[in-house]
Amino acid sequence: MEFKLSEKEEAFKSEVEAFLKKELPPKWPEMSTHWPGGYGSLESTNEEAVKAAFTFRRRLAEKGWLTISWPKEFGGEEHSYMEQAIFDERVSYYRAPGMGIATGIAGPTILRFGSDENKQDWVQTIAKGEIEMWLGYSEPNSGSDLAGIQTTAVDDGDDFIINGQKIWGTIAHLADYAWLIAVTDSEAPRHRNASLFIVDNKTPGVTIRPIINILGIHSFNEVFFDNVRVPKRNMIGEKNMGFYYMMTALDFERLMVGIGGFKRLFEQFIEYVKQSEQDGSPLGKNHTVRKKLAEIAVKIEMVYIFFWRTASMLDKGLVPSVESSVLKLTATELSRALADVTMEILGPYGQLMGGSKDAQFRGMAPRGYLDCISATIGAGTSEIQRNIIAMRGLGLTKK
Ligand SMILES: Cc1cc2nc3c(=O)[nH]c(=O)nc-3n(C[C@H](O)[C@H](O)[C@H](O)COP(=O)(O)OP(=O)(O)OC[C@H]3O[C@@H](n4cnc5c(N)ncnc54)[C@H](O)[C@@H]3O)c2cc1C
């Protein structure tokens, strides 16, 4: 077992790093308030910042790096998954906008399951970074148990007519298209009754309403579909196979953990601790502080090991469905642990947000403390990940 990157991989890592340093605004990582694992940071939801992210993605697309592991005929670079992982790690370390829903989730699912028409219609535009999507899975009465969705898509000539409501659609108001699941056969058994669609947000009958998140930011939306006509060619793959495709799409989503962000934030916090004093003595000499930081360091290494392992499995043609759940679970629980520890170490100062003159560590801790709650819920809760690990990984049957 070799636990280091090859020469070629090291060279690729340096190339990515040089590109990021050149293309990102100066001091970008320091300006960012993003909490790794969280969804509600300003730069992921603020309109100007999202537009800047889309522009940066187009720069990546020009370089062929937005879809680096895709086949060349579909706008990719055919890099290995390990190189894709190296790329994702560096991009998240620099807190740069990397893959979005279109490139990270919809594109790979279309490449695997889409019809020739689907590939022709969507793959190139996605690879060029020209469109962004939002995920239309959850409904008011259906989250963990997605088989309970009630939104319907009824066959009507050249179209399907969609009726229903989706909820928690992150950045739906800033995206172009929904990647949406709807029931296409209400008589068929659960999990064999729904199909995936791409729906243009501008279609008549689509209404997007804001939901304000715990940080006071408009990141979520509830979206209503009232007799929305969608051309049949916007259905992905085969009819009634939606849940099967979505399970794979969810595995892709769970791999997008932004691992480098944890390392970067932790390094910055260690620097802060080294330079700070509490009650007249260096913070870094405090036994409890040292112990807590060491525990986080171990957790970060653990997530890294799962991350590299998942990439190497993909390169061997193995399907990391359990590993993607382990990665999602450990990374998002790390997001919470990191927030808990920074809050504990900062003590009462930890509660001061960025605007306060006495705020420590750029006021990141209280934002992260609130933001990280969502990390263990989005893309499937921690309980659901543990269920998947128990069933698929350990072979334990459903109760
Ligand atoms: C930040 C964020 C972003 C999101 N973005 C999107 C998005 O873009 N698009 C989208 O469609 N959805 C999105 N969601 C919704 C998310 O997928 C759901 O919130 C999640 O799947 C949980 O569903 P629910 O909220 O209905 O909770 P429920 O499913 O009602 O769960 C409630 C509680 O019961 C537990 N539970 C449920 N079933 C089981 C079980 N079988 N075993 C053990 N425990 C169980 C859960 O773990 C949870 O603690 C987002 C959510 C968050 C927090």
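Modeller: Let's begin with a bridge: threonine 152 has asparagine 163 in S3 as its bridge partner. This is a predicted model, in which local features need pLDDT of at least 70 and side-chain atom pairs count only at pLDDT 80 or more, while totals for chains, interfaces and linings use all residues. Residues are numbered from 1 along each chain as its sequence is written.

Biologist: What makes S2 and S3 a pair?

Modeller: Two strands pair if DSSP finds at least two bridges between them. Strand S2 (residues 152-156) and strand S3 (residues 159-166) have five bridges, in the antiparallel sense, so they pair. The names come from DSSP runs numbered from the N terminus: helices are H or I with at least four residues, strands are E with at least two. S2 and S3 form a hairpin with two residues between them, and glycine 157 in the turn has a positive phi of about 65°.

Biologist: Which way do S1 and S4 run, and how is S4 paired with S5?

Modeller: S1 and S4 run parallel, joined by four bridges, and methionine 133 stands opposite tyrosine 177 in S4. S4 and strand S5 (residues 194-200) are antiparallel, with seven bridges; there, leucine 180 stands opposite phenylalanine 197.

Biologist: Why is S4 called mostly covered?

Modeller: A residue is buried if 20 or more other C-beta atoms lie within 10 Å of its own, exposed if 12 or fewer, and partly exposed in between, with C-beta atoms placed from the backbone. In strand S4 (residues 177-183), seven of its seven residues are buried. In a regular strand the side chains alternate between the two faces of the sheet. Here Tyr177, Trp179, Ile181 and Val183 point one way, Ala178, Leu180 and Ala182 the other way, and all are buried.

Biologist: How do you know whether arginine 95 is buried or exposed?

Modeller: Arginine 95 has 24 C-beta neighbours inside 10 Å, so it counts as buried. Tyrosine 94 has 21 other C-beta atoms within 10 Å and is therefore buried too. Arginine 95 is in the loop between H5 and H6, where tyrosine 94 is also found.

Biologist: What makes the phi of asparagine 240 worth a note?

Modeller: Most residues other than glycine have a negative phi. Asparagine 240 has a positive phi of about 70° although it is not a glycine. Arginine 95, not a glycine either, has a positive phi of about 55°.

Biologist: How many residues of domain 1 are in contact with domain 3?

Modeller: Two residues are in contact if their C-beta atoms, placed from the backbone, lie within 7 Å. By that rule 25 residues of domain 1 are in contact with 31 residues of domain 3. On the domain 1 side, H5 gives the largest share, eight residues. The bounds, domain 1 (7-127), domain 2 (133-241) and domain 3 (251-393), come from an automatic or database domain assignment.
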